[in-house]
Amino acid sequence: MREHTVLRVVTKVLIAPIILFALYVQFHGDYSPGGGFQAGVVFAAAIILYALIFGLAEARRAVSPNLLRITGALGALIFAGTGVYSLLRGGNFLDYDYLAHDAVHGQHYGLLLVEFGVGLTVVSVITSIFYVFAGRGRRNDDEQPPGDAR
Amino acid sequence: MTTDIALNIVLLSFMAIVGMAIARLRNLFPVAMLTGLYSLLSASLFTLLDAVDVALTEAAVGAGVTTVLFLATFGLTRAREKPVPRSRTLIGLAVTMLTGAVLVYASLDMPHFGSADTPVQTHPLRDRYLNQMSEEIDVPNAVTAVLGSYRGYDTLGEVVVVFTAGIGVLMLLGVAWHRPRKSDKREQ
């Protein structure tokens, strides 16, 4: 897509707001629609858009697949770890009441942490899946874009 | 209210039209685009139903990511559907009609749309979630509170499912671009 100047310029302008919106959905999920899953998907969509326009190699350099494997596991661990931590603080598994001195504050911290874990895993997994799908197609049609295959 | 009904009718008929178009097309590139459009229409429908969280997911996953994954898959396979013999399409039509009829029959058992005496409205948990949430969790978005806290265990399970799906795909497909690198030997 190197020759599509309009697409490149528009994408460059759009990607930052998309990522900003993903972060908003992530950290504002307690107050407005959205949460970790939605934020992760929107964030992944931004990375995928970047890969579509600027090429897979560029996207892999910006967001490394190896990093994604680590963050994917880390997200699930943050979620489960929050549960274990509340267990250690004397509550039940995933009982956020015990995360802080005040039960309501504990719930807020818990939701924030848990949603962050969800978002991290979702963005990592979706981007990884896209990487391997798009990466496999690459060998067959390096020269011709998929649109010419018909 | 009437505008809602009108919008519902318009959206649902658009979805029906898109579905027909998908069934008729043989070239799969427009089909991928149309499934994206279908997802976008259902996302609009969810927004009308005040299910904004679901709509956001549907728009991003269905209309965005899935369409791209379809297109990436066409790079691996052929992007044109093989013509199917007439007898096979008739069997498919019969199965589809039968399934549709069963679903419509089952939907007759469902409570009416917006009815006040459904389990969702009358179950004691509803009071707990909607009324006591402000003291217990105190976040304005009830969906986040239910998913994250009251039903945190389920959500943890979902995250593990997503993670497992990712691992599965990486194990099946991730080798292809990983193998040529020499650096793997150093890791072992």
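**Figure 1. Helix 4 of chain B, out in the open.** In this predicted model, none of the 22 residues of helix 4 of chain B is buried, so the helix lies largely in the open. Helix 4 covers residues 86-107 of chain B. Does its length fit the residue count, or what span should we expect? At 1.5 Å a residue, these 22 residues should span 32 Å, and the end C-alpha atoms sit 31 Å apart, which agrees.

**Figure 2. Helix 2 of chain B against helix 3 of chain B.** Here we zoom in on helix 2 (residues 28-48) and helix 3 (residues 52-76) of chain B, whose axes come within 7 Å and cross at roughly 175°. The two helices of chain B are therefore roughly antiparallel to each other. On the helix 2 side, the residues making the contact include B:Leu28, B:Phe29, B:Met33, B:Leu40 and B:Phe46. Helix 3 of chain B answers with residues including B:Val52, B:Val54, B:Phe70, B:Leu71 and B:Phe74. Glycines take part as well, among them B:Gly36 from helix 2 and B:Gly62 from helix 3. Sorted by class, the contact between these two helices has 15 nonpolar, 7 polar and 1 charged residues.

**Figure 3. Where chain A meets chain B.** Across this interface, 50 residues of chain A are in contact with 46 residues of chain B. Which elements of chain A give two or more residues to the side that touches chain B? They are helix 2 (36-54), helix 4 (65-88) and helix 5 (103-140) of chain A. Helix 5 of chain A gives the most, with 22 residues.

**Figure 4. The fold of chain A.** Of the 150 residues in chain A, 43% are buried. Take the contacts in chain A between residues at least 6 apart in sequence: 61% of them join residues at least 24 apart.

Figure 5. How confident is the prediction for chain A, and what is its average pLDDT? Chain A averages 86, with 89% of the residues scoring at least 70. Over residues 140-150 of chain A, though, the pLDDT is below 50. In the model this stretch still has 15 contacts beyond near neighbours in sequence. Where pLDDT is low, the predicted coordinates should not be read in detail.

Definitions and conventions:
Residues numbered from 1 in each chain as written. Chains lettered and ligands numbered in written order. Predicted model: local features only at pLDDT ≥ 70, side-chain atom pairs only at ≥ 80, totals over all residues. Contact = placed C-beta atoms within 7 Å. Helix = DSSP H or I, 4+ residues; strand = E, 2+ residues; numbered from the N terminus. Buried ≥ 20, exposed ≤ 12 C-beta atoms within 10 Å, placed from the backbone. Axes fitted to C-alpha atoms, helices over the stretch in contact; angles between N-to-C directions. Parallel < 35°, antiparallel > 145°, perpendicular 65-115°, else oblique. Nonpolar A, V, L, I, M, F, W, Y, C, P; charged D, E, K, R; others polar. pLDDT = per-residue confidence, 0-100. Expected span 1.5 Å × (residues − 1).
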